[in-house]
Amino acid sequence: MQIQIQTFTVHKRFPLTISRGTTAESNNILVKIQQEGIEGWGEASPFSLGEKPQTTKILQHTLEQVTPSLEKFTPLERQQIEQVLIELEIPSAARAAIDIALHDWVGKKVGLPLWRLWGLERDRIIPISVTIGISTPEAAKQRVRNWLEFIDARVLKVKLGSPEGIEADKAMLMAVKEEAPADALLYVDANGGWSLEDAVKMCDWLATVGVIYVEQPLAAISAIADLPHLYRRSPLPIFVDESCFTAKNIPVLAEMVHGINIKLMKSGGLTEAMRMVYVAKACGLKVMFGCYSDSCLANTAAAQLAPLADYLDLDSHLNLIDDPFIGAVMEKGRLLPNDLPGLGVRCDKIFTRKL
């Protein structure tokens, strides 16, 4: 098979601020895998967690280096390819791009969308949440209005963990609640921005104002030590994101959380994401799919697995002003993959920059 690597830049309509910082644009990578006149597409978007940030430069270099080792395979040899990537310790976002492209190729080869190939029911897909980043109360209200201008948003994920402390978090959350539709569901994601003491206080308070769950209340580095106490103490379900990358993390977390957030860039693609779903459910945990600064390509890939999810946070592409891809579509708040083969993604932009 032949592999091509191309970069593209996407810009956010509204910059997103979380406890770790603010992003306004992202330099992502498109991977194309070709064989038998069929072309599969995958995406790598950069993110930084822990000691090994996955920058665009690192992902580019990695993909350049590994491509010659993969061209001897066919897209049907996904298990062998995965093993090679793991042995070479390829960053998870680079693995994700290759894995997604391989799945897209296979779907196009057999003429079926992935969700049908896997025997899933599209009607089971639930509405996605849309994200409100950390800001002042007035800015948060305006962001809710911005979302409501072009989407019937009934599920809002509010980013908390403000550097100004939990009183600022409370003020912002109440501003969002005031501006949101009366029947809107509210989720909270602290991105590890709270201490254990503040997390306990906030979970108690958030339960009184109608929040459904809290995601990553504690920093990943301290989560394993402190999560058991919070799990016993919190009146709200606790989900983890930054603390859970692959299926092997799940059994350790199973007795101290209620659910996990699966992201294709963290997991290394659809293959591992599917494993994570089944391991999580075997452990009695709920499953959420999330995203980084992913375009419609990666979010459409995640949407193929969406019938298996209890919660969905696949809104990053909706906040882009120059997304080059068209794929899954919004319908009554749900992000639905289409009936086209593979991912069902097409491009409305000519890429000129190749590695």
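The protein has 12 helices and 15 strands, where helices (H or I, at least four residues) and strands (E, at least two) are DSSP runs numbered from the N terminus. With a radius of gyration of 20 Å, close to the 20 Å that the globule rule gives for 355 residues, it is as compact as a globular protein of that length; the radius is taken over C-alpha atoms, and the rule is 2.2 Å times the number of residues to the power 0.38.

A quick word on provenance: this is a predicted model, local features need pLDDT of at least 70, side-chain atom pairs count only at pLDDT 80 or more, and totals for chains, interfaces and linings use all residues. Residues are numbered from 1 along each chain as its sequence is written, and side-chain values use heavy atoms, with hydrogens and water left out.

Along its principal axes, the C-alpha trace spans about 60 × 40 × 40 Å. Among contacts (heavy atoms within 4.5 Å) with a separation of 6 or more, 72% link residues 24 or more positions apart.

Now for the sheet. Eight strands form an open sheet in the order E4-E5-E6-E7-E8-E9-E10-E11, with parallel pairing; two strands pair if DSSP finds at least two bridges between them. Strand E4 (130-132) and strand E11 (311-312) are at the edges with a single partner strand each, so one side of each has no neighbour in the sheet. Further in, strand E5 (residues 155-159) runs parallel to strand E6 (residues 185-189), and 5 bridges join them. Take Lys-159: its bridge partner in E6 is Asp-189.
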